[in-house]
Amino acid sequence: MEANPRSTGRLPAAFLTPGSSSFIDFLAEHSPELLPGNRKLPEGIVEAPHGTTIVAATFPGGVVLAGDRRATMGNMIAQRDIEKVFPADEYSAVGIAGTAGLAVEMVKLFQLELEHFEKVEGATLSLEGKANRLSTMIRSNLGMAMQGLAVVPLFAGWDEGREKGRIFSYDVTGGRSEEHGYAATGSGSIFARGSMKKLYRDDLTEQQATTLVVQALYDAADDDSATGGPDLARRIFPIVTVITEEGFRRLSEAESSELARSVTERRLEQPDGPRAALL
């Protein structure tokens with residue numbers, strides 16, 4: 001009589017010899033109910049905290065990905081210090097906008113997906129491959145998105161083959177587009193994108209690129225009530241990350257606070273922000 005794997009404390013053989021380099025495919029075969037897109041949806045309108053504005057900008061040598069800290073639920077502030085930017089692996093990161101709980105869960109699943117591929121194949125996915133995997137995950141959430149539980153991330157990373165930073169944006173159906181120079185997503189994205197459009201140059205230094213994204217988040221918060229600006233009283237500042245050939249790095253609290261304070265102090269002199277030169 002064959003022993004029950006659960007009674008022996010051992011995993012079934014199928015779990016020890018995965019047939020696919022995709023963790024999501026593996027999970028879909030053995031425990032499909034654990035995937036976010038396969039869960040039973042509640043009836044009626046669902047109120048859940050939403051993350052808002054994410055911005056990104058490239059510079060020679062890398063890419064910057066940043067996000068504000070506010071989550072809203074309707075017209076209420078649900079959380080003031082939510083984290084919306086996460087490392088996907090050593091050379092890429094994801095910024096989340098949309099339903100906060102689902103978005104964080106999707107990021108964790110994406111991290112597992114990349115780690116699983118590397119362990120099974122003994123190599124890392126290309127940046128293009130990572131972007132495609134994320135697109136598939138977003139598409140699998142389409143049913144929930146149609147009920148208002150959408151997740152719309154911004155993906156950025158260092159492309160080792162091309163030796164440059166790249167940015168990818170998505171729609172709720174999983175449609176993927178590569179952005180050149182800068183990008184934004186979330187409720188304040190139209191204002192953030194307008195800010196970066198006037199200030200961006202393709203020869204920015206890393207310091208200038210990090211300043212640019214904080215300026216853009218400030219402009220978004222200035223016109224979009226769902227986007228939170230630097231909160232000096234509570235010491236809550238945007239999360240700013242940098243990805244270069246050396247890997248992913250998140251600015252320390254001291255660095256991000258100094259950056260946010262310098263932008264805020266300049267805004268006391270020029271409330272509408274720095275001026276772009278007229279042609």
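Strands β13 and β14 (residues 247-250) run antiparallel and are joined by 4 bridges. Helices and strands here are DSSP runs, helices being H or I with at least four residues and strands E with at least two, numbered from the N terminus. Two strands count as paired if DSSP finds at least two bridges between them. The model is a predicted one: local features need pLDDT of at least 70, side-chain atom pairs count only at pLDDT 80 or more, and totals for chains, interfaces and linings use all residues. Residues are numbered from 1 along each chain as its sequence is written, and side-chain values use heavy atoms, with hydrogens and water left out.

β13 and β14 form a hairpin, with 2 residues between them.

Strand β13 (residues 239-244) is mostly covered, with 6 of its 6 residues buried. Buried means under 20% relative accessible area, exposed means over 50%, and partly exposed lies in between (1.4 Å probe, protein chains only). In a regular strand the side chains alternate between the two faces of the sheet. Both faces of β13 are covered. I239, T241 and I243 are buried on one side. V240, V242 and T244 are buried on the other.

Helix α9 comprises 17 residues (253-269). At 1.5 Å a residue, α9 should span 24 Å, and the 25 Å between its end C-alpha atoms agrees with this. The expected span is 1.5 Å times one less than the number of residues. The buried residues of α9 are S256, S257, L259, A260, V263, T264 and R267. They lie on the same side of α9, because they cover an arc of only 160 degrees around the axis. The arc is that of the directions from the helix axis to the C-beta atoms. An α-helix has 3.6 residues a turn, so residues three or four places apart point the same way. The buried residues of α9 pack against α8 (206-223). Contact here means heavy atoms within 4.5 Å. On the other side of α9, A254, E258, E265, L268 and E269 are exposed.

Helix α7 (residues 189-199) has S189, A192, S195 and M196 as its buried residues. Seen down the axis of α7, they fall within an arc of 130 degrees, so they line one face of the helix. Their cover includes β2 (54-59), β12 (182-185) and α8. I190, K197 and K198 are exposed on the other side of α7.

Aromatic rings were examined next. Rings of Phe, Tyr and Trp (its six-membered ring) pair if their centres lie within 6.5 Å; planes under 30 degrees apart count as stacked, over 60 as edge-to-face and the rest as tilted. By this rule there are 3 aromatic pairs. F110 and F155 form an edge-to-face pair, 5.8 Å centre to centre, with 80 degrees between the planes. This pair links distant parts of the chain, 45 residues apart: F110 is in helix α4 (residues 100-121) and F155 in strand β9 (residues 154-159). F110 counts as buried because its relative accessibility is 1%. F155 counts as buried at 0%. Y182 and Y200 form a tilted pair, 5.5 Å centre to centre, with 55 degrees between the planes. Y182 is in strand β12 and Y200 in the loop between α7 and α8, 18 residues apart. F110, F155 and F168 form one aromatic cluster.
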